[in-house]
Structures are given as C-alpha cells and as structure tokens.
Amino acid sequence: GFVTDWEYGTKKEYDHKLPKSAKKYLKTAVNHYNNVFRPDLVVGGGDYILSRGVNGKKAAKQLRHINNIFQRASAPRRYCIGNHDLEKLSEGEVEKNLGIDYVHSSTDLNGVRVITLDTNDPDPREDEEEYGITGRVSDEELAWLDEKLNTNLPVIVFSHHSPVQTQEKHSWRTNIYDAAEVRNILEKYGNVVAVFSGHHAVNYKTEVNGISYVIINNLSDKKALGSFADITAEKTENSVSVSVSQFGKKPATYSFSKTLLIE
C-alpha cells in the first residue's frame, strides 16, 4: 500500500489542498488496507503535514495526530520523509513524532527488497534558513542506496521526490536536483523494477532505462482528493510483474513487468 502527501493541517482549505480533510481520507485508506487489500507492507510517502503558519510545537502535534490514524494499519509501516515535514521540524524531531528511528529503510519481503529513500538533504545552493521544496540526495545517501541495491533480489523503491521530471503545464518540473546521479545508481545492478513517489500532485508513469517511475497523486489535493494506491508485485524466476490501482477522485491504473538481469 502507498499513500502520500496527506498534508494534514487545521485549515479547511489552503491553495489547492484541503488539509483538514486529510484525516477523513486517511481513515478511508487505512480501512481499505485493513479490510480489502490486506497488503504485506504500507508505505507513507511523506509530506504528512502542512505546517504553514504554525510553530514547531504545533507542527509536531499535527504530525502525531495524523500518524495516530496511519498507525491503525494492520500491516507493517514504513515512512518516507517529505519537505513539508521539515519546514518547522528537524529530521530527528520528525522521526521522534512518527515513532521511527530512520530516514531511510530497506526491508526484504517475500523475495523482494523494498527501499525507502531519503531525498531531503539540504541543497547548498539554497539559503540555509529556508528549506527548499526540490529534493536532493546526499553523497552519503547515494552510497547507502548503492549498498542496498547490491543484492540478487528484485527491488522496489519509494521516495517522496521522484528521480524523474514531471510535466507541469508547458514545462517540466525538476523533482530532485542531480536526479541523473540517482538514476545512475538505480540502474547499476539491473534489479530495480520501479520507483514510486509523491510530491507533485499528478498522475504520472514513465519508463527510463528499464525502470518504471510512478507518481501517486496527493491524498488531500482538491483535484485528486482521497488518492491512495494498491501495488501488487508478482515474482517469477526471472521477472517481476507489477499492477497498480490508484483510488480517489482521480483514479488511475498501471501495469508493467521487468525481466531481471540478475545472475
């Protein structure tokens, strides 16, 4: 299961988001996972809160409040961290209030490795006093990713920011600075089947050098309200087939497969 960009807050409406409605729609997603889909793992995609106009104490309270709902999921949970989560809180404070002790993770599950990637290393080109919305993956994170990808298992990656650009009207949006470096590592071992992300409120799927990149839409975005996804991966001896069903106001389905190049 994958549900991203809850952007919970006390405001009924903020720009193209409905922050206060996040509780209702997250409850719907969790209920679906517990009683219908019953996944082996549920991943949160980051941007759990919309902390505009509040202080750190209030942001922490919002994070705990919305996470109380996510914690009702029967399946094990993993968390990506988003840029909004870090507007008023440090990574350590986000971890503490989510009840986790990591900014990235690697989980082997039924013959598949599931990785959550940290895409929030601050960009040195930006003012240190203001955290930017565009992701950046540190050299240390790339080294960690390289180590975790060095496996005979097929791999599915989750990240808040996508390593590919997404279309935004008549231009293309950069989601991670130096994304080509991230993709080089992802392509190195020939075992990454797909990368699932959020951040940009779009339905999007593309393939680059044998890896499928999928953007699942935002939970509290007006145009796609209530978005969350079921992801099924079926592994054979030398291939993995993936099917994706996105629910909500703007549903989408995707299916793809990859022949593994693992010796």
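This is a predicted model: local features need pLDDT of at least 70, side-chain atom pairs count only at pLDDT 80 or more; totals for chains, interfaces and linings use all residues.

Trainee: Where does Asp-178 lie?

Mentor: Asp-178 sits in the loop between β8 (171-173) and α5 (179-187). Its relative accessibility is 44%, so Asp-178 counts as partly exposed.

Trainee: Which residues form the positive surface patch?

Mentor: That patch is made of Lys-57, Lys-58, Lys-61, Arg-64 and Lys-96. Helix α2 (residues 56-70) contributes the most to the positive patch, with four residues. Lys-58 is in helix α2, and it counts as partly exposed because its relative accessibility is 31%.

Trainee: What about charges that pair?

Mentor: Side chains of opposite charge can pair when their charged atoms come close. Here the count is six salt bridges. One of them joins Glu-13 to Lys-222, with the closest N and O atoms 2.3 Å apart. This pair links distant parts of the chain, 209 residues apart: Glu-13 is in the loop between β1 (2-3) and α1 (22-37), and Lys-222 is in the loop between β11 (211-215) and β12 (228-235).

Trainee: In the salt bridge between Arg-113 and Asp-108, is Arg-113 buried or exposed?

Mentor: Arg-113 has 14% relative accessibility, so it counts as buried. Asp-108 is partly exposed, at 46%. The N to O distance in this salt bridge is 2.7 Å.

Trainee: Which residue meets Arg-136 in a salt bridge?

Mentor: Asp-121 does, at 2.6 Å from N to O. Both Arg-136 and Asp-121 lie in the loop between β5 (112-117) and α4 (139-149), so the pair ties together parts 15 residues apart in sequence.

Technical notes. Residues are numbered from 1 along each chain as its sequence is written. Side-chain values use heavy atoms; hydrogens and water are left out. Patches are made of residues with over 30% relative accessible area and no salt bridge: like charges are joined within 9 Å, nonpolar side chains (Val, Leu, Ile, Met, Phe, Trp, Tyr) within 5 Å. Accessible areas come from the Shrake-Rupley method with a 1.4 Å probe; for residues, only the protein chains shown count as cover. A salt bridge is a side-chain nitrogen of Lys or Arg within 4 Å of a carboxyl oxygen of Asp or Glu. Lys and Arg count as positive and Asp and Glu as negative; His and the chain ends are not counted. The place of a charge is taken as NZ of Lys, CZ of Arg, CG of Asp or CD of Glu. Helices (H or I, at least four residues) and strands (E, at least two) are DSSP runs, numbered from the N terminus. Buried means under 20% relative accessible area, exposed over 50%, partly exposed in between (1.4 Å probe, protein chains only).
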